[in-house]
Amino acid sequence: MNSYLLAEIIKTHGTPLFIYDGERIEENVQNLRSVFKTDALDIHYACKALSNRNIMKLIHKFGCGIDAVSIFEMQAALSAGIPASEINFTPSGAELSEYRFALDNNIKLHIDNAGKLEILAQEYPGLRVALRFNPDVRAGGHARLEVGAGDSKFGLYPEELPEVKRIIDQYGVQVTGVHCHVGSDIADEAYFIRAFEFLISVSELFPDNLELIDSGGGYKVRYKESDHPTDMERVGKAITKLFRKFCKTLGRELRLVIEPGKSLVSDAGYFIVQVTALKQTNRREIAYVNSGFNHFIRPMYYDAYHHIENLSNPTGKPKPYKVAGYLCETDTFALSRALPEIRVGDYLSFHNAGAYTMSMSSNYNMRPRPAEVLVYGNRNMLIRRAETLEDMLAPEIVVDIS
Ligand code: LLP
């Protein structure tokens, strides 16, 4: 994003601040669509990555539906004007009332629990659901991001199939789809292909009412120069081929669904902070910024690397810095990073700040969440104001403690 525009936005809205580039999101959608060479493709944006409703609307405008994992994400998507028919609900461990909400509102439900399937099958005669399976594929950019392996809480295990089959037959459940999601930050395309082969093998068990095969999300993006993002050409080609072959055998057209989150919004986001202090230690200099893991948790929770740019002194002489936050806890953004000389007051920009940053933020240390600005079509728009103390205190009920 051009530095003049960034400076303008920072001047208007202050820091900390999230800035999103709508055109980049549009490109990401187009690039992803182009590698799956089939009109049967439905992209459902995993809105947990960045859940601002303006972003949902924008991505919907680019032809995508929404993948939701809570009643609140479903309600937010509906209130953003996304039709129920374009929303999937793919929860794990959610409350039954959330599943009922999906069914009562004609939102496609993907279920991964046999007990819940039986309860809902009794309540909703002729229940139509997609089944989420655990493909037993261990992959992801961090142990916390591997969710498709044999010991994960997600997805129906193959050994549950006899029980699932019994429920389907007993209550006349219509299995309209099969689904899996292996994990996040997966570089090697072989994992996606293996999981898709697994999906085809289970699809063969439910041929009658099948409408879709959903292979989830999880594509790796480039956080640093040396990163190898997922080779999407290869994923698209291999999956489309397997999909076409299966449809041919079935003698019917199905929908091919993918649920990307990170790969649509990550590189469209910038998180701008200001340097509040410097401290020279005998190891290296520490630069303190006006944020912490309350706004940007990925470096601390997943040991994630995020490129840092010194917007105020881009040509300064590089030296190693520890970049730390303002929380009363260890909140190291970078342990030892060569950055152009940092001065107090400089603005730093974290790259790849679109996905799983604002949406994973909290009010820890009673720090308000930052504002969000969307730049799209020659306009920059405030799409969420910064929180205030009043916002944070509002849910509290003051009782008489005496
Ligand atoms: N579908 C399902 C069912 C999911 O659970 C997820 C992400 C996605 C799709 C989208 O995955 P993506 O394309 O964004 O990798 N907070 C972590 C990522 C957690 C992903 C959780 N599920 C991070 O910051 O890396």
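**Close-up 1. The largest pocket holds about 720 Å³ of space.** This is a predicted model, and we start with the pocket lining. A total of 33 residues line this largest pocket. If you want to find its centre, look for K48, V147, F154, H181 and Y356, which lie nearest to that point.

Close-up 2. Helix 2 gives the most, with five residues. As for class, the lining of the second largest pocket has nine nonpolar, eight polar and eight charged residues.

**Close-up 3. Helix 4 packs against helix 5 at an angle of about 30 degrees.** Helix 4 covers residues 71–79 and helix 5 covers residues 96–104, and their axes are 9 Å apart. Angles under 35 degrees count as roughly parallel, so helix 4 is roughly parallel to helix 5.

**Close-up 4. Here are the residues where helix 4 and helix 5 meet.** On the helix 4 side you'll find I71, M74, Q75 and L78. Their partners in helix 5 are E98, F101 and A102. By class, this contact has five nonpolar residues, plus one polar and one charged.

Terms used. Residues are numbered from 1 along each chain as its sequence is written. This is a predicted model: local features need pLDDT of at least 70, side-chain atom pairs count only at pLDDT 80 or more; totals for chains, interfaces and linings use all residues. Side-chain values use heavy atoms; hydrogens and water are left out. On a 1 Å grid over the protein atoms alone, a cavity is a set of points where a 1.4 Å probe fits but cannot get out, and a pocket is an open set with protein on both sides within 12 Å along at least five of seven lines; lining residues have an atom within 4 Å of a point. Grid points are joined across faces, edges and corners, and a volume is the space filled by probe spheres set on the points. Helices (H or I, at least four residues) and strands (E, at least two) are DSSP runs, numbered from the N terminus. Ala, Val, Leu, Ile, Met, Phe, Trp, Tyr, Cys and Pro count as nonpolar, Asp, Glu, Lys and Arg as charged, and the others, Gly among them, as polar. Axes are lines fitted to C-alpha atoms, for helices over the stretch in contact, and angles run from 0 to 180 degrees between N-to-C directions. Angles under 35 degrees count as roughly parallel, over 145 as roughly antiparallel, 65 to 115 as roughly perpendicular and the rest as oblique. Contact means heavy atoms within 4.5 Å.
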